Amino acid sequence: MPTYRTPQRDMKFLLDEVFDFPAHYQQLPGGEEATPDMVNAIIGEMGKLCENTLAPLYQSGDEEGCKLENGEVTTPTGFKEAYQEYINGGWQGLSHPPEYGGQGLPMSLGLIKQEMMGTANWPFAMYPGLSLGAQNTIMMHGTDEQKNTYLPPLTEGTWGGTMCLTEPQCGTDLGQVKTKAVPQDDGSYKIAGTKIFISSGEHDLTENIVHVVLARTPGAPEGTKGISLFIVPKYLPGHIGESNGVSCGALEKKMGIKASATCVMNFDEATGFMLGPENQGMECMFTFMNSARIGTAMQGLCHAELSYQGALPYAKERRSMRALSGKKDPDAVADPLIEHGDVRRMLLTQKAFVEGARSMLYFAGQYADHMVVGITEEDNDQYEYWDDKLGFLTPILKGFLTEMGLECANLGMQIWGGHGYISENGMEQIARDARIATLYEGTTGIQALDLLGRKVLLLTQGRCVRDFTALLTRFGRRNLTHSELRPYAWKLLKIAAQWNYITTRIGMTARKDRDMVGTASHDFLMYSGYAMMAYFWALQAETAQHKLNDGGDQPEDFYRAKLETAEFYFDHLLPRASAHADAALKPTKGIMQMAAERFSFDYE
Ligand SMILES: Cc1cc2nc3c(=O)[nH]c(=O)nc-3n(C[C@H](O)[C@H](O)[C@H](O)COP(=O)(O)OP(=O)(O)OC[C@H]3O[C@@H](n4cnc5c(N)ncnc54)[C@H](O)[C@@H]3O)c2cc1C
């Protein structure tokens with residue numbers, strides 16, 4: 001069973017040496033609190049909580065799962081105590097304003113905290129994670145009274161939160177939401193309807209749960225234009241213990257994340273309060289969507305990291321046959337798995353992906369910090385500028401990293417051979433838990449459409465690709481004459497040109513053939529993921545090379561491993577991008593020509 005260890009060295013390499021977070025924090029208003037000592041203390045203390053408390057509950061939580069009895073959900077043994085330890089440490093308010101009891105630290109630190117918690121125990125991390133969604137939405141759209149009522153206990157963590165969007169007939173297409181909200185004389189609403197698949201909908205970790213619910217007022221326009229957002233607490237403030245008509249009808253039985261309660265929630269004339277303007281529920285809900293989706297993108301990294309941490313020691317211990325180039329350990333009965341090329345390919349795929357994903361997410365964290373400053377300083381131009389930049393990264397991070405996280409979780413099982421399939425070894429749980437990440441918070445297909453159809457073609461006519469590829473071009477120019485970094489420079493220059501070329505070609509075709517966006521979007525998303533990760537691997541190689549030459553904070557082996565992993569990424573993973581580029585440019589006919597009835601599997 002994998003034992004989680006915080007990858008502090010890699011985290012600090014990125015924070016201090018690649019992205020210069022100390023300088024980034026000093027230029028953020030309020031960021032001066034996030035000194036290197038403070039950041040180290042946060043990583044150290046959160047690391048202890050994750051390694052000592054959360055990680056040991058990962059497998060037992062899966063085996064025990066959640067239970068529903070008499071409308072009450074019990075989380076697995078140990079979760080309550082762990083949650084108490086988490087909130088006693090003040091962790092829920094890490095990146096939230098001090099006026100509501102938070103510590104006011106930058107959002108990127110919250111993401112780093114999330115990475116550690118999510119790797120140690122993703123299902124546990126979902127409870128405070130969902131509360132963050134509710135916290136952010138209320139902070140952004142609530143009235144002063146709503147903020148003063150709900151934010152202090154949410155920030156403290158004594159109350160939890162949920163996001164209630166999905167209904168039996170719709171998950172992606174929320175324009176079909178049927179839940180009703182009928183206005184009352186006192187300004188409140190009576191909420192009636194059923195929501196399904198609600199994470200943390202009911203549980204025993206907090207004394208109250210604040211549901212943020214999408215519903216329709218009477219006479220509201222059809223579709224997404226007629227949806228409003230409501231705060232519907234399990235217990236009305238001041239009435240803890242008295243039912244407000246919100247109940248858990250069932251717990252879903254599911255493939256993974258079994259310790260996370262996925263609930264059918266019934267709203268039976270429950271009292272709710274409108275959050276934000278009427279009929280603008282979708283816009284309000286989506287305000288923090290870019291940063292919320294980065295949280296789910298993190299899940300790809302978390303499962304890949306844990307699976308790598310489980311696979312690596314096994315590959316060093318387990319012995320099988322001899323290395324093709326001759327015996328590596330002649331005194332032993334056989335050589336360790338890690339001496340075999342194919343096992344190395346799998347381990348390096350995991351390592352390259354994990355460290356590449358972490359760099360992409362930390363970089364996005366800096367954008368998120370700037371975006372939050374725009375919100376808190378009510379500087380709409382700044383908010384939109386950074387939200388726009390983050391908006392381009394988000395579908396790539398969510399779509400590509402969760403797909404790759406799943407691949408890496410599977411590779412971890414593969415490295416364990418048949419033993420990977422056996423539950424007690426803990427590897428198959430990671431693959432089961434990783435599977436959901438490509439589905440919720442917008443499926444991979446929806447991320448792909450958001451990226452290509454909305455962000456790239458509709459909203460920016462390719463500008464966001466041009467802006468991002470300018471970074472690749474800049475890397476290329478500054479390293480073209482560098483003896484070690486020249487190969488990366490050439491490859492990035494080539495990718496910058498290719499990325500813009502396929503964007504333009506798809507855009508031109510889509511003007512004549514509307515199906516083009518739908519048929520090209522998945523390949524465009526995956527191409528963009530590999531291309532973007534190439535940039536971040538080149539950056540890491542550049543930093544490692546300079547530190548090897550001039551001296552850095554990490555041992556020489558660390559920097560050499562970085563260079564070797566970068567080389568692996570460019571030689572063995574980046575070539576996948578070309579296949580996606582080819583497929584993305586193919587005419588729509590190959591996908592769209594077959595009539596729906598010809599998909600028949602009944603050929604009698
Ligand atoms: C464990 C779990 C936890 C969850 N937690 C929450 C939660 O806390 N709150 C909440 O509100 N919901 C939650 N969900 C719901 C989740 O967000 C939805 O299941 C998801 O958004 C997909 O919606 P759907 O299941 O209705 O699939 P559908 O929308 O029916 O989609 C089915 C398939 O069709 C594709 N598709 C749909 N429309 C299009 C289109 N226009 N173009 C191309 N492809 C399309 C999709 O990509 C997908 O592959 C959770 C789900 C699970 C399983």
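This is a predicted model: local features need pLDDT of at least 70, side-chain atom pairs count only at pLDDT 80 or more; totals for chains, interfaces and linings use all residues.

## Contacts with the ligand

Among the 21 residues around the ligand, those that come nearest are Met-163, Thr-166, Thr-172, Phe-197 and Thr-443. A polar backbone atom of Met-163 lies 2.8 Å from a nitrogen atom of the ligand, and a polar backbone atom of Phe-197 is likewise 2.8 Å from a nitrogen atom of the ligand. The ligand taken alone exposes 970 Å², of which the protein buries 60%.

## The shell around the ligand

Strand S3 (159-164), strand S5 (189-199) and helix H13 (444-459) each give two or more residues to this shell, and S5 contributes the largest share, with three residues. Domain 2 (160-280) and domain 3 (289-590) each supply at least three residues to the shell. Sorted by class, the shell around the ligand holds 13 nonpolar, six polar and two charged residues.

## The second largest pocket

The second largest pocket contains about 600 Å³ of space, and of the 21 residues that line it, Tyr-308, Leu-312, Lys-351, Glu-355 and Ala-561 are the closest to its centre. At least two lining residues come from each of helix H1 (8-18), helix H9 (289-317), helix H10 (341-376) and helix H17 (556-573), while H10 gives the most, with seven residues.

Note on methods:
Residues are numbered from 1 along each chain as its sequence is written. Side-chain values use heavy atoms; hydrogens and water are left out. On a 1 Å grid over the protein atoms alone, a cavity is a set of points where a 1.4 Å probe fits but cannot get out, and a pocket is an open set with protein on both sides within 12 Å along at least five of seven lines; lining residues have an atom within 4 Å of a point. Grid points are joined across faces, edges and corners, and a volume is the space filled by probe spheres set on the points. Helices (H or I, at least four residues) and strands (E, at least two) are DSSP runs, numbered from the N terminus. A residue is near a molecule or strand if one of its heavy atoms lies within 4 Å of it. A polar contact is a pair of N or O atoms within 3.5 Å; within protein, one must be able to donate a hydrogen and the other to accept it, and residues adjacent in sequence count only if both atoms are side-chain atoms. Accessible areas come from the Shrake-Rupley method with a 1.4 Å probe; for residues, only the protein chains shown count as cover. Ala, Val, Leu, Ile, Met, Phe, Trp, Tyr, Cys and Pro count as nonpolar, Asp, Glu, Lys and Arg as charged, and the others, Gly among them, as polar. Domain bounds come from an automatic or database domain assignment.
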